[in-house]
Amino acid sequence: MPLPVYLAMTAAEFSGAEPLPDHLAWMACHFSPYGTGLSNLPQTLPPGSLLILNDRTPVHGHDPETVAQTLDTLVRRFSCAGVLLDLQRSPTPQARRIVQAVEALECPVGVSDRYDTGRRAVFLPPPSPAIPLRQYLAPWQGREIWLEAALTDQTLLLTKDGPRPAPPGAPSPTGWEDRGLCCHYRIALDRDSAVFHLWRTEADLQNLLDQSERLGVTMAVGLYQELS
């Protein structure tokens with residue numbers, strides 16, 4: 001079975017898209033700024049959709065049981081494929097209690113790597129083009145892995161004193177392909193440094209997803225506006 005790639009859609013994108021993607025993710029439920037529950041809840045979703053909760057609004061006094069019950073109701077009402085806890089802020093005790101409550105749901109649940117407890121699927125950021133995928137996934141082997149899919153790019157500056165931060169490279173229609181790293185690259189040289197620019201095309205991303213499936217990744221999630 002091909003690796004399912006869920007496309008995360010905002011409410012505006014969801015209402016205006018025709019047709020909807022085969023694998024849709026609702027982006028996203030938020031922690032309510034005015035209460036202890038959730039806001040921006042979907043009014044309808046196709047069966048099999050993925051429900052995302054992010055922390056664009058920080059956790060502050062939100063009730064874990066209310067949050068978990070709300071997500072459970074939505075999953076059952078719309079026959080969702082599962083819940084993704086895409087929490088990217090620094091972990092707090094309150095947020096960890098919410099993760100624990102949601103992990104108790106009967107549906108599939110994925111949790112961002114910074115909140116990973118080892119009990120549910122771990123959701124990983126998109127791999128750097130400079131790191132082999134097998135090496136990137138190695139710390140989570142034996143676990144269920146959900147992967148963020150994106151057309152990532154990276155610029156590396158190498159000098160005689162070692163690597164240094166570098167600004168993003170300019171977009172380029174040409175470059176050399178590295179199928180092992182699932183990316184394209186180009187190199188600019190001068191007297192005392194080299195700049196490596198690596199980026200992923202749509203074909204590179206498909207190669208990455210094919211490799212991910214063979215390495216045990218069970219789901220990918222990307223932005224509708226980028227990948228549609």
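Is C80 buried or exposed? Select C80: at 11% relative accessibility, C80 counts as buried (buried is under 20% relative accessible area, exposed over 50%, partly exposed in between, with a 1.4 Å probe and protein chains only).

Before going further, note that this is a predicted model, where local features need pLDDT of at least 70, side-chain atom pairs count only at pLDDT 80 or more, and totals for chains, interfaces and linings use all residues. Residues are numbered from 1 along each chain as its sequence is written, and side-chain values use heavy atoms, leaving out hydrogens and water.

Next, grab 64-78, helix α2 (helices are DSSP runs of H or I, at least four residues, and strands are E runs of at least two, numbered from the N terminus). Its 15 residues reach 21 Å from first C-alpha to last, close to the 21 Å expected (1.5 Å times one less than the number of residues).

Color P64, V67, A68, L71, D72, L74, V75 and F78: these are the buried residues of α2. Looking down the axis, they fall within an arc of 160 degrees, so they line one face (the arc is taken from directions from the helix axis to the C-beta atoms).

What do the buried residues of α2 pack against? Show β2 (24-31), β3 (38-39), β4 (50-54), β5 (82-86) and α3 (93-103), with contact meaning heavy atoms within 4.5 Å. After α2 comes S79, with a positive phi near 50 degrees.

Now the sulfurs: there are zero disulfides (cysteine sulfur pairs within 2.5 Å). For C80, the nearest cysteine sulfur, in C107, is 8.1 Å away. Finish at C182, buried at 1%, with its sulfur 7.7 Å from that of C183, too far for a bond.
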